[in-house]
Structures are given as structure tokens and as C-alpha cells.
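Subject: Structure for you to look through

Dear colleague,

I am handing over the structure we talked about, and below it I have set down what was found, so that you can follow each point with the coordinates open. Please read it alongside the display.

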Amino acid sequence: MLSVKNLSVQFPTDDGMVAALNGMDLQLHRGETVGLVGESGSGKSVTSQAIMGLFKETRAKISGEITFEGTDLLALSEDRMRTFRGKKIGMIFQDPLSAMHPFYTVGSQIAEAYRVHNKVSRKAAKQVAIDMLARVGIPDPKKRVDNYPHEFSGGMRQRAMIAMALVCEPELLIADEPTTALDVTVQAQILDLISELQAETNSAVIFVTHDLGVVAQLCQRVVVMYGGQCVEQASVREIFTAPSHPYTRGLMASMPHLSGEDDRLTPIPGSPPALLDLPSGCIFADRCEFAALVPDNRCQNERPQLLVTGEHAARCHGHEMSLLPKTIKVGA
Ligand SMILES: Nc1ncnc2c1ncn2[C@@H]1O[C@H](COP(=O)(O)OP(=O)(O)OP(=O)(O)O)[C@@H](O)[C@H]1O
Ligand SMILES: [Mg+2]
């Protein structure tokens with residue numbers, strides 16, 4: 001359904017070009033839920049925004065390939081992209097307050113999202129908005145439809161965002177950390193809601209999150225990002241039981257202890273790569289505990305390719321040369 005290949009996105013800044021994506025790859029099948037994980041700044045949101053075509057007519061420099069149902073999205077004009085956005089591909093943004101206009105009522109924004117793709121009267125669209133608010137569990141939707149975003153609680157705003165993203169029943173939903181700002185109970189409700197609506201409409205979902213627990217619960221497949229690249233891609237089961245890439249191994253080892261006694265993450269030592277000045281070798285090399293196992297400073301000098309073995313793909317010299325330890329210690 002969706003294929004992202006070798007996607008690069010650079011932003012011009014006063015300090016130079018910020019290389020946010022550096023050959024990103026991602027595959028998605030119809031009806032599937034894929035988790036997109038990786039630490040802050042790894043390029044999860046930029047990947048989502050690029051698929052939504054949000055960098056068209058901006059100064060961002062884009063290359064590579066984004067194909068959706070056979071259509072090359074990067075080649076589309078902004079006008080044609082608009083016919084995909086909302087209707088075929090919907091997105092729940094990380095921050096609902098910035099994605100919703102403060103001066104318009106929640107209802108009118110959902111109604112307008114519907115009217116972009118459906119020729120109906122304002123009145124009919126408002127009814128659709130009321131129905132949609134009811135469907136995402138907003139109490140008293142007839143009255144709430146006329147509220148402004150700031151009159152909603154955080155959880156309600158997030159629900160309204162989901163209503164807006166789903167009102168045209170898109171075939172692909174991108175949910176960019178839809179629950180990070182919410183408390184745990186509301187989080188669980190929102191996740192249930194997304195799964196429910198997905199089952200009803202059989203849409204595919206890209207689920208962006210930091211939370212590996214959520215991934216285990218919701219996703220069939222995982223794409224792990226580091227420094228604007230996919231470093232590993234596999235089924236949830238494989239990622240959790242047999243991760244290949246040292247970064248993924250580190251992520252798994254940093255999972256909260258299952259006993260729940262110590263729920264602090266053990267972060268991987270070191271800091272994320274400087275996107276203004278990327279190394280010519282593996283982007284993870286300076287934090288990698290296994291780089292020294294690979295001869296000839298290959299990790300420092302040569303960017304590894306994404307090696308695809310069946311449904312599992314990893315980008316690592318050590319893995320490719322079978323130099324990594326077979327087993328890892330996961331959790332505690
Ligand atoms: N418009 C922009 N101009 C310049 N740099 C940008 C722009 N948008 C994103 N970036 C940079 O690109 C990198 C990737 O950002 P992105 O928002 O995709 O990270 P992320 O994985 O979503 O992180 P988080 O988990 O914190 O949401 C970051 O270093 C960010 O500062
Ligand atoms: Mg983000």
C-alpha cells in the first residue's frame with residue numbers, strides 16, 4: 001500500500017542544512033499497523049509529515065520515493081496532494097492544539113475537513129461532525145460541536161483530532177504520538193478507540209510512539225529509526241525476541257523491568273547524531289558497543305546498507321558480517 005524508499009529530507013537553517021531524514025525506508029501493507037519508534041529527533045514526525053505531503057511548497061529539500069497505491073506522492077502537485085490528504089491519508093498530530101485552529105469551533109473544523117472531499121451542505125456536514133464526535137466518545141456532542149478547542153480538555157481535544165482525521169475514512173492513518181500528552185487512563189481509552197475505528201474501517205495505521213508497550217499491544221510490525229534512517233524493520237515478535245541492530249538491542253534492554261519495581265529506562269549512553277554534520281560511516285557507530293568487533297574501522301568509514309532477509313531488515317555491518325553476539329539480555 002505504502003512504500004517509502006531512500007527518502008531524504010533536509011531543512012535549510014542559518015547554521016546549514018539539517019539532515020532530518022537520510023535514506024528512510026518503510027513498507028506498509030493494507031490493514032496493517034506498524035509502529036514507528038526511535039528516540040527524540042530520530043525523524044519520526046518528519047517521516048509522517050513527508051508522507052502527508054506537508055513539505056510541498058516549503059524550502060525543505062526532498063529526494064527518494066514515496067509510493068501510495070502506485071502513485072508517486074513526491075511527484076504530485078500540492079493541488080493533487082490535497083485530494084489524497086484527509087481522504088486517503090489522515091493524520092493525528094503530536095500536538096492537537098497546534099493542529100487545530102483556535103478561532104474556529106471544533107465542529108466547524110471537522111465539518112470543513114469533511115466538506116473538502118464531500119459535496120454536502122454546511123448543515124449536513126455539521127451533522128456528520130456531531131456523529132463523529134459521538135463516535136469518538138465526546139459527551140453531549142450536539143452542544144460540544146460548537147465549542148472552541150480551548151474549551152476542550154486535553155483528552156477531548158485528542159479525541160476531536162481523531163474525529164477530524166477519520167471523518168473521511170482514510171485508508172491510511174498516521175498517528176503521531178497521539179497519547180503522550182494524556183494521563184494513563186485517557187491514553188488507554190484513546191488507544192482502544194483507534195483500534196476500534198481501525199477494525200471498523202480496515203485502515204492501515206502508522207503508529208508513532210516512544211512506548212514499546214504500546215507497540216507490543218497495537219502493532220504487527222515495527223520500524224526502528226535512528227538518525228533519520230530505518231535501522232531495523234521486522235515483526236513485533238522478532239523485534240522483541242531477536243533484535244539484530246545494536247540500537248534496537250539497546251532499546252529492548254532499556255525497557256522497564258517487567259516486575260514494575262524499577263520503571264526507569266536505562267538510556268543508551270551517548271547523544272543523538274548531529275544532523276548538521278553527519279558521520280560518513282554508520283550514524284550509530286560512536287554509540288555502538290559492537291563497532292570495535294568490525295574490522296578495518298568499517299563502521300566509522302562506510303555507511304551500512306539496509307540488508308533485507310525475508311521480512312526482517314537491518315542496517316549494520318556487524319550484523320551483516322555475523323559478528324554480533326547471538327543472544328541479548330532483554331529487560332531483567
Ligand atoms: N522545519 C524544520 N526545520 C529544521 N529542522 C527541523 C524541522 N523539522 C524537524 N527538524 C529537525 O529534524 C529532526 C527530526 O525531527 P522529528 O520531529 O522528525 O523528530 P521525532 O523523531 O519526531 O522526535 P520526537 O520524538 O521528539 O517527536 C530534529 O532534529 C528536528 O529538530
Ligand atoms: Mg515527533
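This is a predicted model: local features need pLDDT of at least 70, side-chain atom pairs count only at pLDDT 80 or more; totals for chains, interfaces and linings use all residues.

The residues in question are Ala125, Ala129, Ile130, Met132 and Leu133, and because they cover an arc of only 165 degrees around the axis, they sit on the same side of H5. In general, an α-helix has 3.6 residues a turn, so residues three or four places apart point the same way. Helix H5 itself takes in residues 122–135, 14 residues in all, and from its first C-alpha to its last it reaches 20 Å, close to the 20 Å expected at 1.5 Å a residue. After H5 comes glycine 137, whose phi is positive, near 85 degrees.

Next, the sheets. One of them is an open sheet of 4 strands in the order E2-E1-E4-E5, with antiparallel pairing, and its edge strands, each pairing on one side only, are strand E2 (16–28) and strand E5 (71–72). Within this sheet, strand E1 (residues 2–13) pairs with E2 in the antiparallel sense over 10 bridges, and valine 4 stands opposite leucine 26 in E2. Helix H1 (residues 44–51) lies across E1, E2 and strand E4 (61–68), and it runs at about 110 degrees to E1.

There is also an open sheet of 8 strands, with the order E6-E7-E8-E3-E9-E10-E12-E11 and mixed pairing. Its edge strands are strand E6 (89–92) and strand E11 (307–309), each of which pairs on one side only, and neighbouring strands of this sheet are turned by 20 degrees against each other on average, direction ignored. Strand E9 (residues 221–226) and strand E10 (residues 229–235) form an antiparallel pair over 6 bridges, in which arginine 221 stands opposite serine 235 in E10. Helix H8 (residues 184–201) lies across strand E3 (33–37), E6, E7 and strand E8 (204–208), and runs at about 160 degrees to E8.

How many disulfides does a search of the whole structure find? The search finds 0. A disulfide is a covalent bond between the sulfur atoms of two cysteines, and the sulfur of cysteine 282 is 6.2 Å from the closest cysteine sulfur, in cysteine 299, which is too far for a bond. Cysteine 299 is likewise in no disulfide, with the sulfur of cysteine 282 as its nearest cysteine sulfur. Cysteine 282 is buried, at a relative accessible area of 13%, and cysteine 299 is buried too, at 7%.

Cysteine 168 lies elsewhere in the chain, in the loop between H7 and strand E7 (172–176). Is cysteine 168 buried or exposed? Cysteine 168 counts as buried, because its relative accessibility is 8% and the cut-off for buried is under 20%. Leaving aside its neighbours within four places in sequence, cysteine 168 is in contact with Gly86, Lys87, Ala113, Tyr114, His117 and Asn118.

Glutamate 69, in the loop between E4 and E5, has a phi near 45 degrees, a positive value in a residue other than glycine, and glutamate 69 is partly exposed, with a relative accessible area of 32%. Glutamate 177, found in the loop between E7 and H8, has a positive phi as well, near 40 degrees, but glutamate 177 is buried, with a relative accessible area of 6%.

Terms used
Residues are numbered from 1 along each chain as its sequence is written. Chains are lettered from A and ligands numbered from 1 in the order in which they are written. Side-chain values use heavy atoms; hydrogens and water are left out. Helices (H or I, at least four residues) and strands (E, at least two) are DSSP runs, numbered from the N terminus. The expected span of a helix is 1.5 Å times one less than its number of residues. Buried means under 20% relative accessible area, exposed over 50%, partly exposed in between (1.4 Å probe, protein chains only). The arc is that of the directions from the helix axis to the C-beta atoms. Two strands pair if DSSP finds at least two bridges between them. Contact means heavy atoms within 4.5 Å. Axes are lines fitted to C-alpha atoms, for helices over the stretch in contact, and angles run from 0 to 180 degrees between N-to-C directions. A disulfide is a pair of cysteine sulfur atoms within 2.5 Å.
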